[in-house]
Amino acid sequence: MIRSNIALIGFMGSGKSTAGRLLATRRNKTFLETDALIEDRACMRIEDIFNQFGEERFREFEAQVVAQVSAAADAVISCGGGAVLRPENAALLKASSIVVFLDVLPETVLWRIGPGSRIRPLLEGVDREARVNELMAARRPVYSAVADFTVRTDGVSVDEVVSIIEEELDRL
Ligand code: S3P
């Protein structure tokens, strides 16, 4: 299968959506976002799915949406931070997409996910710093293993992140 999609993976606050939108425009591809497609499918906001049905139900929706976006062509896919944790999701994305890991330091995440940013149910009502550190430590090896290449996003503008992604894509 020709991998005509580019999937952006990484932690909450790594800039997948902003970089993804710009990358899609520059590469003339369709922009898809798993979280937005889950909200469409469930007719509910992400935080309401978590609150009313729990994380497992959210992950079921997410798996359905990963299958949906993996069947797309010529898309830039911004994947929710937990989307590649199920091996079957990771396999579908790898088969259909060049997978790019946007890496970010915990302190950058904590700074970006401040008041005013959208609600992340996994980071609500907990010690955020501890939770971010714990989730990041568990997930970074998974993101790295799934990705074709990694781009660091700390202290780098969205424009630069996208340019680095494009250079790496051209090298592949
Ligand atoms: C999640 C990340 C969120 C969203 C949900 C769960 C996660 O997406 O899918 O809150 O498990 O890391 P973003 O990575 O776009 O914030």
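How many nonpolar, polar and charged residues are in the lining of the largest pocket?

## About the model

This is a predicted model, in which local features need pLDDT of at least 70 and side-chain atom pairs count only at pLDDT 80 or more, while totals for chains, interfaces and linings use all residues. Residues are numbered from 1 along each chain as its sequence is written, and side-chain values use heavy atoms, leaving out hydrogens and water.

## The largest pocket

The lining has 9 nonpolar, 9 polar and 9 charged residues. Here Ala, Val, Leu, Ile, Met, Phe, Trp, Tyr, Cys and Pro count as nonpolar, Asp, Glu, Lys and Arg as charged, and the others, Gly among them, as polar. A pocket is an open set of points on a 1 Å grid over the protein atoms alone, where a 1.4 Å probe fits, with protein on both sides within 12 Å along at least five of seven lines.

The volume of the largest pocket is about 470 Å³, taken as the space filled by probe spheres set on the points, with grid points joined across faces, edges and corners. Its lining comprises 27 residues, with Met12, Gly13, Asp35, Arg118 and Arg120 nearest the centre; lining residues have an atom within 4 Å of a point. Two or more of the lining residues come from each of α1 (16-27), α3 (46-53) and α4. Helices are DSSP runs (H or I, at least four residues), numbered from the N terminus.

## Helix α4 and its partners

Helix α2 (residues 34-42) and helix α4 (residues 55-70) have axes that come within 9 Å and cross at roughly 110 degrees. Axes are lines fitted to C-alpha atoms over the stretch in contact, and angles run from 0 to 180 degrees between N-to-C directions. The two helices are therefore roughly perpendicular (65 to 115 degrees).

Ile46, Ile49, Phe50 and Phe53 of α3 touch Glu55, Arg57, Phe58 and Phe61 of α4. By class, that contact has 6 nonpolar, no polar and 2 charged residues.

## Helices α1 and α8

The axes of α1 and helix α8 (residues 158-171) come within 9 Å, crossing at roughly 55 degrees. Among the residues in contact are Leu22, Leu23 and Arg26 of α1, and Val162, Ile165 and Glu166 of α8. This contact of α1 with α8 has 8 nonpolar, 2 polar and 5 charged residues.

Terms used:
Angles under 35 degrees count as roughly parallel, over 145 as roughly antiparallel, 65 to 115 as roughly perpendicular and the rest as oblique. Contact means heavy atoms within 4.5 Å.
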